[in-house]
Amino acid sequence: MQINKEEIRSGNENLREAHKAGFDFLANTLSGQGVDVNAIVQRLADFQVAIPSWALGAGGTRFGRFSYYGEPSSLEQKIQDVGVLHALTQTAGAISLHIPWDVPEDYKAIKEVAALNDIVFDAVNSNTFQDQKDAVHSYKYGSLSNVDKAVRDQAIAHNIEVVEIGKKLGSKSLTVWLADGSNFPGQSNFQTALRHTEDSLKQIYGVLPEDWKMFIEYKPYEPYFYSTVIQDWGTSFMLANACGEKAFTLVDLGHHLPNTNIEQIVSTLMMKGKLGGFHFNDSKYGDDDSTVGSVKPYALFLIFNELVYGMKNNPQNPYPAWMIDASHNVKDPLEDLIQSLEAIQEAYAKALLVDQDRLKAAQLENDVVQCQEILQNAYRTDVRPLLQRARLERDGALNPIQAYRSMGIRQKLVDERGRHSVASGL
Ligand code: LRH
Ligand code: MN
Ligand code: MN
């Protein structure tokens with residue numbers, strides 16, 4: 001499956017005039033306010049978000065899974081799906097692989113498919129939350145934190161193998177998300193579990209190539225429902241510090257208890273130079289993995305406001321690795337990902353519009369009303385013409401969902417792959 005650029009271009013034709021009118025009006029207004037519109041369009045074009053290989057098929061719940069037609073069943077097909085997203089949106093130029101679900105058989109061939117689709121390999125993810133076929137030891141009672149050294153060693157060896165695979169693909173980072181935890185009070189000794197985890201992470205860190213980073217993800221609960229070993233950003237931050245300067249915290253939006261002030265966490269981590277990775281999704285209740293921006297778009301904007309501030313003012317923090325970590329139970333996964341990409345770009349564009357100098361002045365005056373006005377002015381601006389312009393200039397689609405549908409892409413995938421192909425994934 002390869003997207004025909006010509007088809008995207010011709011699909012843009014009948015939308016071009018309406019886009020131009022909307023863009024000119026917005027650009028005029030913003031320029032009048034002293035905004036450098038071209039610079040924002042360029043920043044949007046530069047902003048690339050990785051798609052995880054496990055998000056291209058239908059997800060499921062513990063009650064069942066309803067597969068979607070034409071799902072990718074091989075790594076090549078997953079990369080092609082990301083290629084479709086990237087061709088339409090010009091925002092999804094990377095894929096994040098999960099090992100062992102996506103171990104390439106032929107590295108050269110896989111890299112060729114990726115290059116053909118304009119896709120690079122982002123962070124590689126290890127998996128010690130499932131028992132793999134032929135594994136000697138079980139992770140039922142934990143992996144890097146397990147009381148049994150043999151189990152810990154197996155989990156460490158797996159992570160080292162993931163780094164080896166990533167090296168062959170050109171990845172530059174390893175993401176570790178642990179399911180380790182306990183289901184009942186007394187089941188596990190918190191201090192022992194944390195100490196084991198720190199020791200294990202340090203061993204993995206020890207084999208990281210010089211130009212690699214390690215991202216440590218945290219999550220307060222699930223799959224264990226009493227405790228998780230890396231429960232919050234503080235624990236992750238502490239572990240990253242213990243490992244060294246190539247280790248960072250990874251913030252996944254869904255991995256917080258209700259009402260947590262995520263924007264403040266982001267801000268603190270960036271000030272300390274330790275925000276390494278970011279997983280986008282949205283939620284109403286817990287780690288729902290819903291479409292980005294579908295439930296709390298204002299919260300997403302406030303988070304982006306801190307990200308933008310940090311990217312400008314915190315040179316001690318590396319440029320974060322962005323990834324969508326969402327799941328699609330009822331929608332076409334590709335349509336859902338297009339919606340997420342649009343929501344991310346929208347929140348980013350709005351955050352770029354925040355007048356930081358005026359905000360600072362209002363803060364110094366303790367003018368609370370004015371501070372809120374400045375943020376909400378940016379938030380209430382319809383920035384979609386800026387997103388369209390960034391796509392149009394790079395031969396992306398003015399309206400990616402509409403293009404996806406009118407080009408009949410899902411039907412083409414079904415024709416190629418069959419109706420009941422199944423993707424591996426969460
Ligand atoms: C589980 C999870 C986590 C990881 C992914 C691999 O919560 O969604 O966010 O990043 O699985
Ligand atoms: Mn995640
Ligand atoms: Mn999650």
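Student: Leaving aside neighbours within four places in sequence, which residues is D336 in contact with?

Tutor: D336 is in contact with T291, A326, H328 and K331. "In contact" means that the C-beta atoms of the two residues, placed from the backbone, lie within 7 Å. Before we go on: this is a predicted model, where local features need pLDDT of at least 70 and side-chain atom pairs count only at pLDDT 80 or more, while totals for chains, interfaces and linings use all residues. Residues are numbered from 1 along each chain as its sequence is written, and chains are lettered from A and ligands numbered from 1 in the order in which they are written.

Student: And how do you know whether D336 is buried or exposed?

Tutor: You count. A residue is buried if 20 or more other C-beta atoms lie within 10 Å of its own, exposed if 12 or fewer, and partly exposed in between, with C-beta atoms placed from the backbone. D336 has 24 such neighbours, so it counts as buried. D336 is part of helix α10, and its C-alpha atom is 9.8 Å from that of A55, 281 residues apart along the chain.

Student: What makes S67 partly exposed?

Tutor: S67 has 14 other C-beta atoms within 10 Å, so it falls in the partly exposed range. You'll find S67 in the loop between β1 and α3. Its C-alpha lies 7.6 Å from that of H420, although the two are 353 residues apart in sequence. Leaving out residues up to four places away, S67 touches G57, A58, H420 and V422.

Student: Why is β2 called largely enclosed?

Tutor: Five of the five residues of strand β2 (residues 94-98) are buried, so the rest of the structure largely encloses this strand. Check both faces: A94, S96 and H98 are buried on one side, I95 and L97 on the other. Strands (E, at least two residues) and helices (H or I, at least four) are DSSP runs, numbered from the N terminus.

Student: What makes β1 and β2 a pair?

Tutor: Two strands pair if DSSP finds at least two bridges between them. β1 (residues 50-52) and β2 have three, in the parallel sense. In one of these, I51 is the bridge partner of I95. From β1 the chain passes through helix α3 (residues 75-89) to β2, a right-handed β-α-β crossover.

Student: Why is a crossover called right-handed?

Tutor: Point the strands away from you. If the path from the first strand over the helix to the second runs clockwise, the crossover is right-handed.

Student: How do you know that β2 and β3 pair?

Tutor: β2 and β3 (residues 120-125) share four bridges in the parallel sense. L97 stands opposite V124, and I95 opposite F121. The crossover from β2 through α4 (residues 107-116) to β3 is right-handed. Five of the six residues of β3 are buried, which leaves this strand mostly covered. Next, two bridges join β3 to β4 (residues 173-176) in parallel, with N125 opposite T175. β3, α5 (residues 149-169) and β4 also form a right-handed β-α-β unit.

Student: What makes a group of residues a nonpolar core?

Tutor: A nonpolar core is a set of buried Ala, Val, Leu, Ile, Met, Phe, Trp, Tyr and Cys residues joined through C-beta atoms within 7 Å. The largest one here has 107 residues, and M214 and I216 touch the most other members. Helix α10 (residues 333-353) gives the largest share, 11 residues. As for I216, its contacts beyond four places in sequence include V176, L201, I230 and L250.

Student: What makes D289 and its phi stand out?

Tutor: D289 has a positive phi of about 55° without being a glycine. Most residues other than glycine have a negative phi, and most peptide bonds are trans. D289 has 22 other C-beta atoms within 10 Å, so it is buried. N366 also has a positive phi of about 55°, but with 8 neighbours N366 counts as exposed.

Student: And which peptide bond at P100 is cis?

Tutor: The one from I99 to P100, with omega near 20°. P100 is in the loop between β2 and α4. Another cis bond joins E222 and P223, with omega about 5°.
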